Amino acid sequence: MSLTCRVQYVDDTDPFEYSANVPEPQRAPPVHSFSLTLPLINQIAGVHRVLRAPHRLDDAALQLYKDGDFGSYLDMEASISEQPEEFEGFQNDKRNSIVLRTQLSVKVHTIIDKLMNSEGKELRRCLFALKHIFQEDKDLVHEFIQNDGLRCLIKLGSDVDQNYQNYILRALGQVMLYVDGMNGVIEDNPTIQWLYSLLTSRFRLVVKTALKLLLVFIEYVESNCLIFIQAVHAVHQSNGTPLWSNVMKLLTEPDMVDTELLVYAMTLINKTLNGIPDQDTYYDQVDAIEEQGIEQVVQ
């Protein structure tokens with residue numbers, strides 16, 4: 001028993017180079033017959049040979065391209081007949097294809113290695129492309145989280161100037177749009193600590209973007225408020241400054257004319273306080289911001 005369909009590839013061997021996430025060849029792609037019972041790992045060499053794909057065979061995976069969109073990465077250790085849900089409706093349109101592309105784990109290691117070993121214009125180019133990479137391949141985010149990708153971003157974000165930080169924040173915002181990405185941020189408190197520490201930046205765009213992402217975080221689920229408070233405590237404990245002073249300095253700055261930024265800062269405090277389930281924690285935060293003049297701010 002066999003399945004005969006189109007086969008194509010996406011040249012993502014360098015994740016930072018490919019700009020169009022489009023299967024090739026687009027015109028008259030070859031047709032290939034797959035056994036329904038053999039594991040796909042035993043069949044991928046034939047696909048690679050037919051396509052003359054640029055990938056290293058050991059780095060390649062197969063993914064469905066169905067109804068004009070990329071579907072699931074296929075389990076290479078399983079046969080097609082063992083993955084019936086993935087192939088449901090696949091043969092209803094002869095334009096659907098099986099696409100050869102780089103394994104997620106290989107792609108993530110390439111991304112992290114490039115980020116950690118680039119500098120100057122090359123690093124800027126890579127960071128600028130990162131949001132687009134996450135947009136183009138939703139499955140990549142989970143693998144990125146699992147391979148300490150967040151720690152990589154935070155390490156870079158602590159060492160670079162504001163332009164690079166803005167690119168990192170854009171990429172992090174894209175990660176947080178996905179459930180896997182948000183769950184990864186929830187479980188990685190240093191990421192929240194880094195976002196909170198950016199509120200002391202001299203650059204308004206960095207501050208505003210960090211505030212927006214913190215608001216996205218605490219609005220995602222109420223329990224995130226306590227995780228955010230944990231990050232706030234950790235930052236101030238490490239540098240010996242008053243609790244919540246990163247936000248309070250924004251609210252009490254005499255020359256602050258950016259009303260949108262002030263609204264974000266005040267909203268962050270209010271939503272955090274509203275999400276606290278116990279009185280002791282609530283009043284600890286209220287006492288800290290009252291000591292720094294919150295009453296004068298809200299008058």
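Helices here are DSSP runs of H or I with at least four residues, strands are runs of E with at least two, and both are numbered from the N terminus. The model is a predicted one, so local features need pLDDT of at least 70 and side-chain atom pairs count only at pLDDT 80 or more, while totals for chains, interfaces and linings use all residues. Residue numbers run from 1 along each chain as its sequence is written, and side-chain values rest on heavy atoms, with hydrogens and water left out.

Pockets come first. A pocket is an open set of points on a 1 Å grid over the protein atoms alone, where a 1.4 Å probe fits and protein lies on both sides within 12 Å along at least five of seven lines; lining residues have an atom within 4 Å of a point. Volumes are the space filled by probe spheres set on the points, with grid points joined across faces, edges and corners. The largest pocket holds about 190 Å³. Helices α4 (139–146), α5 (149–157) and α7 (179–186) each put at least two residues into its lining, which includes H142, R151 and D180. Sorted by class, that lining has two nonpolar, five polar and five charged residues (Ala, Val, Leu, Ile, Met, Phe, Trp, Tyr, Cys and Pro count as nonpolar, Asp, Glu, Lys and Arg as charged, and the others, Gly among them, as polar). The second largest pocket comes to about 160 Å³. Among the residues around it are R6, Y65, D93 and R95, and its lining splits into three nonpolar, four polar and four charged residues.

On to the backbone. A28 is exposed, at 71% relative accessible area (exposed means over 50%, buried under 20%, partly exposed in between, with a 1.4 Å probe and protein chains only). W244, in the loop between α10 (224–239) and α11 (245–252), also isn't a glycine, yet has a positive phi of about 70°. At 1% relative accessibility, W244 is buried.

Across the whole structure, seven aromatic pairs turn up (rings of Phe, Tyr and Trp, the last by its six-membered ring, with centres within 6.5 Å; planes under 30 degrees apart are stacked, over 60 edge-to-face, the rest tilted). Y282 and Y283 make an edge-to-face pair, because their ring centres are 5.1 Å apart and their planes meet at 85°. Y282 is partly exposed at 30%, and Y283 is partly exposed at 44%.
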